[in-house]
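User: Please go through this structure with me one point at a time, and state each cut-off where it first matters.

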Amino acid sequence: MRLILMAVLCASVLAGCKKDDSKAGALNVTLAYSGFARGCVTVTATDVDNAANTNSLNVAIPGNTPGSVSVAVYRKKDWGRVLSVTTQLHEVDCSTPALGDPQEKKAEVPVEGSLDVAFVVRANDADGDGYFSSDDAEGVVSGTDCMDGDINVNPSATEVCNGKDDNCTLGESDAIDKLTYYTDVDGDGYGSTEVKACTQPVGASDKGGDCNEDDPQVRPDRAEFRCDGKDDNCNGMNDEDFGVDAGCMDELKCAGKVACASLTQSTCKRLDGVNPVVWYVDGDNDGFKGQAAGLGCESPVDGGVSQSEDCDESSKYVRDGGPEACDRLDNNCSGVVDEGCAPLTWTMDAGVENTDNLTSIALYDEGRKAWMVEQDKLVHLDSTSGPNGTPTSYGHASCHGKWKAVWAAADGRVFAVGDSGKMVTRLPDTDPNCFSPTATGSPNFLGITGIEQSGVGATLYAVAGNGKIFKWKPPYNDVDDISKVLFEFGSVSDNLRAIASAGTEGSLLAVGGNSGNNAVAYRYDTAGSAWVSDSLGGTFAGFLRGIHVTDDRFAYAAGDNGMVFKRSGGVWTSSLPPVFDSNGTTKAAIRDVLAFSEKGIYVATNEGRILFYNGTEWSTVYTGTIPLTSLDGPFPTRIVAVGSGGTVVNFTAPAPTTP
């Protein structure tokens with residue numbers, strides 16, 4: 001194929017233009033090519049004498065392989081005759097960059113005719129994609145095709161992730177379908193900084209979202225495992241599995257917010273300015289609340305109040321604003337005892353029902369009536385018939401016994417116990433006969449108490465020196481088989497002297513001494529239906545001989561060597577200050593105890609005195625010389641003691657002279 005470098009316009013001619021003159025001289029530039037079928041050759045002619053005189057022509061390769069193409073070069077009139085002719089090869093078409101160094105030949109344009117100038121151009125395009133092999137072989141123009149055997153690999157191809165450098169540039173780094181990976185510095189399988197690559201790089205993960213690359217335990221898709229104010233699972237929340245910052249109520253029912261207590265635990269932290277207070281309930285059943293039930297922003301128990309209404313919750317006879325009585329108690333919580341009262345006095349009657357020794361007394365009917373016992377006799381007192389009471393004796397043979405203890409029911413029925421298992425009961429009527437059974441084994445009874453049962457009658461409990469406890473229940477005189485109503489209720493290994501309760505079997509307590517002459521106490525365990533030892537908190541010499549259970553919370557026991565114990569909250573506390581005889585040095589032999597308050601405790605002694613404990617110290621309220629054996633009273637305004645020689649000591653409180 002021959003191309004003449006001439007055009008209608010001179011400017012388009014490579015070198016010179018001799019219009020309509022076919023005899024003008026020219027250079028016949030021949031380009032022989034092989035190894036490729038598509039491409040372009042740029043032919044440039046330059047005036048050797050004046051490099052500014054130059055022109056080029058792009059010649060497309062026609063498409064046959066191998067082949068040649070010719071170009072006729074004419075000089076311009078004002079150009080010199082010696083021209084420099086260069087050729088340079090392009091891939092695909094003339095728009096691509098020239099490859100390699102140009103070939104150059106110099107020739108003088110003849111005046112007439114033509115002069116042949118031959119060039120040979122070689123390049124390899126085995127796959128026919130228009131791009132030449134990039135192999136650098138001698139005599140062959142090196143192209144840009146890095147894989148000349150694959151028509152899909154060339155610089156114009158789209159780079160994809162397929163293990164090949166499709167566009168022969170930068171490997172697969174410019175692939176359009178690279179996957180997303182994430183740098184995983186801490187090696188926990190989750191990364192943070194995004195990395196695009198065709199294959200997973202070393203030290204990268206296909207899972208992102210790691211919010212802390214310095215801690216391998218912190219990563220997405222796990223539980224919030226630490227309560228530390230940080231986001232452990234990279235979900236944008238701190239400590240959510242611990243409920244932090246949620247509203248809550250602490251153990252004292254105070255408003256708060258959940259906060260971390262440790263790395264593994266949260267707690268309810270009370271809000272600033274929210275403070276618990278002490279709440280009070282009515283422990284002594286006087287209708288006023290003064291027993292501390294605990295701290296809280298809400299009452300820990302139903303019905304609690306935040307202001308105390310009672311200065312002494314151990315006594316139903318004391319409350320804020322209550323009526324003052326002449327009874328040695330601060331009944332109205334004024335801080336003053338017995339305001340408006342004259343000095344309190346006791347009266348003593350000796351030789352009541354002759355001069356026999358009275359061993360025990362039990363009051364009933366609000367203290368207006370009482371039963372007393374002595375050997376072979378029951379004595380009923382009725383103060384409603386006179387200022388000092390009218391005694392009625394029951395000395396029938398059926399009433400005989402060495403009676404040691406007595407208890408009276410609300411209906412006036414009396415129960416007494418004594419030596420050789422003897423027990424007796426009767427009503428205060430005109431019938432001279434008593435019903436007097438004998439307990440199995442004939443133990444020597446020393447103490448008795450009863451529990452009232454509405455509509456049924458009282459049930460009696462008696463303790464003996466051999467540790468036996470007997471129970472006697474209605475109808476009391478089942479003569480067909482007395483064992484149905486009178487039977488052993490338990491046994492301990494110690495000598496029992498007294499028993500009392502607050503009206504339930506679960507509050508039954510018994511006291512006495514052991515073979516080592518040390519004080520002992522027992523309680524009845526309803527769950528195990530057994531009597532169990534009730535520790536006094538140490539070893540104390542002597543026997544306990546009297547006990548008074550005021551309610552389910554408090555009990556008091558007293559005995560030899562001036563011992564007086566208080567039981568509170570189910571535990572015997574260390575003893576109260578010891579009680580001394582009138583000489584101030586000998587510890588008193590206490591025979592009975594009566595309590596109305598933690599600040600109102602009475603004891604009767606073998607010396608013949610009655611002492612009162614005000615919560616701090618003991619004081620003598622009655623001084624006598626005849627031994628006292630028993631003390632009883634339904635209220636702190638009505639107390640009676642009995643003793644040797646038919647002695648009866650009475651206290652009936654006068655009315656205050658001022659309101």
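Analyst: Two strands pair if DSSP finds at least two bridges between them, where strands (E, at least two residues) and helices (H or I, at least four residues) are DSSP runs numbered from the N terminus. This is a predicted model, in which local features need pLDDT of at least 70 and side-chain atom pairs count only at pLDDT 80 or more, while totals for chains, interfaces and linings use all residues. Residues are numbered from 1 along each chain as its sequence is written, and side-chain values use heavy atoms, with hydrogens and water left out.

User: Which are the edge strands in the open sheet of three strands?

Analyst: Strand 9 and strand 10 run antiparallel and are joined by four bridges, with leucine 179 standing opposite alanine 197 in strand 10. The order across this open sheet is 10-9-11, with antiparallel pairing. Two strands each pair on one side only, and these edge strands are strand 10 and strand 11 (204-205).

User: In the other open sheet, the one of four strands, why is one side of strand 33 and of strand 36 left without a neighbour?

Analyst: Five bridges join strand 34 (residues 554-559) to the antiparallel strand 35 (residues 564-568), and in this pairing alanine 555 stands opposite arginine 567. The sheet as a whole has the order 33-34-35-36, again with antiparallel pairing. One side of strand 33 and of strand 36 (571-572) has no neighbour because they stand at the edges, each with a single partner strand.

User: What is the phi of valine 92, in the turn between strand 6 and strand 7?

Analyst: Strand 6 (residues 82-91) and strand 7 run antiparallel and are joined by eight bridges, among which valine 85 has lysine 105 in strand 7 as its bridge partner. The two strands form a hairpin with six residues between them, and valine 92 in that turn has a positive phi of about 65 degrees.

User: To which residue is tyrosine 190 joined by a side-chain polar contact of 2.9 Å?

Analyst: Tyrosine 190, in the loop between strand 9 (179-183) and strand 10 (194-197), is buried because its relative accessibility is 9%. Residues that it touches (contact means heavy atoms within 4.5 Å), leaving aside those up to four places away in sequence, include Ser205, Lys207, Arg219 and Asp221. A polar contact is a pair of N or O atoms within 3.5 Å; within protein, one must be able to donate a hydrogen and the other to accept it, and residues adjacent in sequence count only if both atoms are side-chain atoms. The side chain that meets tyrosine 190 in such a contact, at 2.9 Å, is that of aspartate 221.

User: How many salt bridges are there?

Analyst: Side chains of opposite charge can pair when their charged atoms come close. A salt bridge here is a side-chain nitrogen of Lys or Arg within 4 Å of a carboxyl oxygen of Asp or Glu. By this rule the count is 22.

User: Is arginine 426, in its salt bridge with aspartate 429, buried or exposed?

Analyst: The side chains of arginine 426 and aspartate 429 meet with N and O 2.8 Å apart. Aspartate 429 counts as partly exposed, because its relative accessibility is 34%. Arginine 426 has a relative accessible area of 3%, so this residue is buried.

User: How far apart are the C-alpha atoms of glutamate 112 and arginine 545?

Analyst: Glutamate 112 lies in the loop between strand 7 (98-108) and strand 8 (114-122), and counts as exposed because its relative accessibility is 57%. Glutamate 112 and arginine 545 are 433 residues apart along the chain, and their C-alpha atoms are separated by 162 Å.

Key. Buried < 20%, exposed > 50% of the residue type's maximum accessible area, 1.4 Å probe, protein only.
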